[in-house]
Amino acid sequence: MELVVDKWQRRMVFVVLPVVILGLVVVAAGLTWGDLPNPLATRFHPDGSATGSMPRNTWLVMQLAVAGLCAGELAHIGRRPTPDAPILAAVASFIGFLVGLLGLFIAMANEGHADWHDVTMGNGAIAGALGGAIGWTLPVVQMARRIAPPHAPYANRAMPFGPNEHPAWFGHTRSIGFALAGVANIALGMVIVVTNQAWVGVVVFAIGIVLLGFTSVVVVIDGRGIGVRSGPLGWPRIRLPLGVIEEATPVIVRAMAVGGWGYRGSLRLFRRAAWVLRSGPGLELQLRGGQRFTVSIDDADEAAAVLNGLLARAAMPRSG
Amino acid sequence: MLIRVDAGSSEPLFAQIGAQVRAAIATGRVAEGDRLPPARELAESLGVNMHTVLRAYGDLRDEGLVDMRRRRGVIVRAAGDTRARLLELARELSAEAVKQGLSKADLRKLLEEVG
C-alpha cells in the first residue's frame, strides 16, 4: 500500500506539476497573445506604473526557458530522487510557479493596451504570485521528503592499515564540458581582441583559461589528510588535515543539488563547499565543527575506505 | 590508485612501490595512457625519498610498462598489460622456487621442459 501511495505521489508531484508550470506560461501567452502590446511592460514601480519593457517574443522565450528548466528538474527528481530531492524540489517549484504566475499576471495587465507605457500592475499581483509560489511549494517539499532516499545509501567501510604502513591514494575526475567551454572561450576571446574591443576579448580569454583549469580535479589522500587541486593549473588547492575530518562517505553527487558545476559554496562562510565537475560518484567529508565538503571523484568508494582506515588508525592508542 | 608501503617489511621500498604499480596495470586498475602520480608528490605522500620512487619508476620503464617523459610525467604504455601479467607470474614462480629450494638453473630447466 505504501508503495502505491509513493508511486501516486511521484506522478502527481513530478509529472502533473511540471505540466502545470509550463501550462501556466503557455496558456497565459496563448490566450492574450493577440491583445498584447509589442514590446510589453515587464517591470513596474511600487506605485503600479510600468518602468520597463521587453519585446514580446523575448519575454515568451525567457518564460519558457525558466519554466522549462524548473519543470524538467521536477520531472527528473520524480524519476530519480536523490537525498537532496526536498531542497531541489523547493527551488524548482518556487521559481517555476513564481515565473509562471508572474507571467500570467503580466500578460493580464498588458492585455488590451496598445502602448506598454499605459500598463499598470499593482503590488497585489506580485504578492499574489509570491504567495501562490510558496503555497504550491510547501506540499511539493513534503512529498519530495517522502520519496527522497536516506542520505548515505552506501555502507561505509574502512580499509585496515598497519602501524608502519604508509598509504597514498591518487584519484581524479575529468570534465569534457569544462574543456570545451574553456577552448571555446579562448577562441572567442582571440576573435573579439582582433575584431572588437580588446579588453572584452582579454576578459573572455581569461575566463577560458579559468574554465580550462577546471577540466580536471586531482585528489590525494595520505597519512597527512586529503588534498584537492585543479589538475591543469594546480590552483585552487584545498588541504584538509586528518585531524579536521570526522568521516568520509561515498555519495552520488548531483551538480544541481550543490548549485552547479565548479567550486561552489565556502567552508568558512556557509560551512558547506563542493568541487563538482560532473554528476556521479563523489566523496563527502564530514568535518569537525559541522562543515561538509564534497568532491566529485571516480572510485569514491575506495577513496572513502582509505580515508576512514587512516582515521580509524589515528584514533587507536599507539602501543609502545 | 592506491599505493601502500610498509616501513617494517624486509622488502625494499622501491620494490614494494614497483610491485603495486605492476599489479595495478595487470589487473586493469590503471589503463594505457593513464598518468602515474608525480614522483615528488608520491614520495611526499608515502614519506619516502624521491629517489626511491624514481628507482621504482625506472624499473617499470626498463620493463616496458611505462614511459617517462620530461614535463609529461610517467605514463602507462599500451604493451604493459600482457607483459605485466607475465612478469607478475614469473615473480611468483621465482619466489615459490626459492621457497622449494630450487636454484635458478633448476627453474630454467623446468621452464624448458614445459615449453
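## Basis of the model

The model is predicted, and local features need pLDDT of at least 70, side-chain atom pairs count only at pLDDT 80 or more, and totals for chains, interfaces and linings use all residues. Side-chain values use heavy atoms, with hydrogens and water left out, residues are numbered from 1 along each chain as its sequence is written, and chains are lettered from A and ligands numbered from 1 in the order in which they are written.

## Chain A as a whole

Chain A contains 7 helices and 11 strands, where helices (H or I, at least four residues) and strands (E, at least two) are DSSP runs numbered from the N terminus. Of the 320 residues in chain A, 46% are buried; here buried means under 20% relative accessible area, exposed means over 50%, and partly exposed lies in between, for a 1.4 Å probe and protein chains only.

A contact means heavy atoms within 4.5 Å.

## Where the two chains meet

On the side of chain B, 14 residues are in contact with 16 residues of chain A. The area buried between the two chains is about 1400 Å², and carbon and sulfur atoms give 47% of this area; buried area is the accessible area (1.4 Å probe) that two parts lose on being put together, summed over both. In chain B, the residues that lose the most area to chain A are Leu2(B), Arg4(B) and Ser45(B), which together account for 38% of what that side buries.

Between chain B and chain A there are 8 residue pairs in polar contact, with both residues at pLDDT 80 or more. A polar contact is a pair of N or O atoms within 3.5 Å; within protein, one must be able to donate a hydrogen and the other to accept it, and residues adjacent in sequence count only if both atoms are side-chain atoms. On the side of chain B that touches chain A, the elements that give two or more residues are strand 1 (2-6) and helix 2 (39-46) of chain B. The residues of that side divide into 8 nonpolar, 2 polar and 4 charged, where Ala, Val, Leu, Ile, Met, Phe, Trp, Tyr, Cys and Pro count as nonpolar, Asp, Glu, Lys and Arg as charged, and the others, Gly among them, as polar.

## Strand 3 of chain A and its partners

Strand 3 (residues 165-174) of chain A pairs with strand 1 of chain B in the antiparallel sense over 5 bridges, and two strands are said to pair if DSSP finds at least two bridges between them. Within this pairing, Ile3(B) is the bridge partner of Ala168(A), and Asp6(B) is the bridge partner of Glu165(A).

Strand 3 of chain A also pairs in the antiparallel sense with strand 4 (residues 216-222) of chain A, over 7 bridges, and there Phe170(A) has Val220(A) as its bridge partner. Because 7 of its 10 residues are buried, strand 3 of chain A is largely enclosed by the rest of the structure.

## Salt bridges

A salt bridge is a side-chain nitrogen of Lys or Arg within 4 Å of a carboxyl oxygen of Asp or Glu. The whole structure holds 12 salt bridges over all chains, and 2 salt bridges are counted between chain B and chain A. The side chains of Arg229(A) and Glu41(B) meet in a salt bridge at 2.5 Å, N to O.

Within chain B, Arg22(B) and Glu63(B) form a salt bridge at 2.8 Å, N to O. Arg22(B) lies in helix 1 (residues 13-26) and Glu63(B) in the loop between helix 3 (50-62) and strand 2 (66-69) of chain B, so the pair ties together parts that are 41 residues apart in sequence; both residues are buried. Within chain A, Glu284(A) and Arg292(A) form a salt bridge whose closest N and O atoms are 3.8 Å apart. Glu284(A) counts as buried at 11% relative accessibility, whereas Arg292(A), at 22%, counts as partly exposed.

## A buried serine

Ser230(A) lies in strand 5 (residues 225-230) of chain A and is buried, with a relative accessible area of 0%. The side chain of Ser230(A) reaches the backbone oxygen of Gly213(A) at 2.5 Å. Leaving aside neighbours within four places in sequence, Ser230(A) is in contact with Gly213(A), Ser216(A), Trp235(A), Pro236(A) and Trp275(A).
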